[in-house]
Amino acid sequence: MLIYQFGGALLLGGGMLASLLLAYLFKGSFQPPLLLLVVLVGMLGAFFSALTRLYRIEQLADAVISPTVSQLGAFYLLVFSLIAPVVGGIAALVLYVSFAGEFLQGGLFPSIKCKGECGSFVDVIANYVPNEPKDYAKALVWGFIAGFSERLVPDTLQTFATQRGAQRPAV
């Protein structure tokens with residue numbers, strides 16, 4: 001399982017690095033959507049979190065030697081290894097949409113706006129960009145945190161839902 005986690009993190013990191021290099025080399029013609037980068041960084045954060053959990057010596061033996069793990073086939077280990085990055089990518093996506101929808105605002109959060117036409121879902125993906133260059137960094141850092149912290153986005157959503165429910169007038 002450790003090999004799958006490590007290999008996945010390397011592939012994802014390499015893919016991100018390649019897309020950033022392409023963006024740098026072809027500045028005028030290629031610009032990866034911020035949404036894609038935030039989701040990839042969220043997945044990388046989840047891989048990082050899973051690797052740090054497996055890196056602890058006391059948990060590594062449980063993960064590698066456990067009877068349940070040894071009975072699973074390679075396909076199931078691969079799928080199990082991909083659960084954390086999928087959850088991390090979804091969490092980063094939800095956080096990005098929260099930024100774009102201006103649910104989360106303030107100095108710590110990126111300010112994202114639409115450049116040009118944003119009438120369809122594809123337009124939103126392609127045309128939502130940070131207001132300032134530092135907002136790119138903020139969006140990527142928050143995407144990584146969303147993937148790394150398994151409870152950040154669900155807890156934030158629960159707090160938001162609780163606050164919205166408390167603000168509703170009684171009928």
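**A friendly note on this predicted model**

1. Leu-22, Tyr-24, Leu-25 and Phe-26 make a nonpolar surface patch of about 440 Å². Keep in mind as you read that the structure is a predicted model. Is Leu-22 buried, partly exposed or exposed? With a relative accessibility of 39%, Leu-22 counts as partly exposed, because that label covers values between under 20% (buried) and over 50% (exposed).

2. Now go inside. The largest nonpolar core has 18 residues, and those touching the most other members are Leu-34, Val-38, Leu-95, Tyr-96, Phe-99, Ile-112 and Ala-146. Which helix gives the most? That is helix 5, with six residues.

3. Leaving aside residues up to four places away in sequence, Ile-112 touches Leu-34, Tyr-96, Phe-99, Ala-100, Tyr-128, Val-129 and Pro-130. Apart from the core described above lies another one, of seven residues, including Leu-12, Met-16, Leu-40 and Leu-51.

4. Next, the aromatic rings. How many aromatic pairs does a search of the whole structure find? It finds five. One of the aromatic pairs joins Phe-109 and Trp-142; this pair is tilted, with 5.1 Å from centre to centre and 40° between the planes. Phe-109 sits in the loop between helix 5 and strand 1, while Trp-142 sits in helix 7, so their pairing ties together parts that are 33 residues apart in sequence. Trp-142 has a relative accessible area of 17% and is therefore buried, the limit being under 20%.

5. Compare that with Phe-144 and Phe-148. These two form a stacked aromatic pair, 6.3 Å centre to centre with 10° between the planes. Both belong to helix 7, and because they are four residues apart there, about one helical turn separates them. Phe-144 is partly exposed, at a relative accessible area of 28%, and Phe-148 also counts as partly exposed, at 35% relative accessibility. Together with Phe-48, Phe-144 and Phe-148 form one aromatic cluster.

6. Finally, a backbone detail to check for yourself. Which residue has a positive phi although it is not a glycine? Glu-102 does, with a phi of about 60°. You will find Glu-102 in the loop between helix 5 and strand 1 (112-114).

Key
Residues numbered from 1 in each chain as written. Predicted model: local features only at pLDDT ≥ 70, side-chain atom pairs only at ≥ 80, totals over all residues. Heavy atoms only, no water. Core = buried A, V, L, I, M, F, W, Y, C linked by side-chain atoms within 4.5 Å. Buried < 20%, exposed > 50% of the residue type's maximum accessible area, 1.4 Å probe, protein only. Helix = DSSP H or I, 4+ residues; strand = E, 2+ residues; numbered from the N terminus. Contact = heavy atoms within 4.5 Å. Patch = residues over 30% accessible without salt bridge, like charges linked within 9 Å, V, L, I, M, F, W, Y side chains within 5 Å. Areas by Shrake-Rupley, 256 points an atom, 1.4 Å probe, with all protein chains shown as cover. Salt bridge = Lys/Arg side-chain N within 4 Å of Asp/Glu carboxyl O. Phe/Tyr/Trp six-rings, centres within 6.5 Å; stacked < 30°, edge-to-face > 60°.
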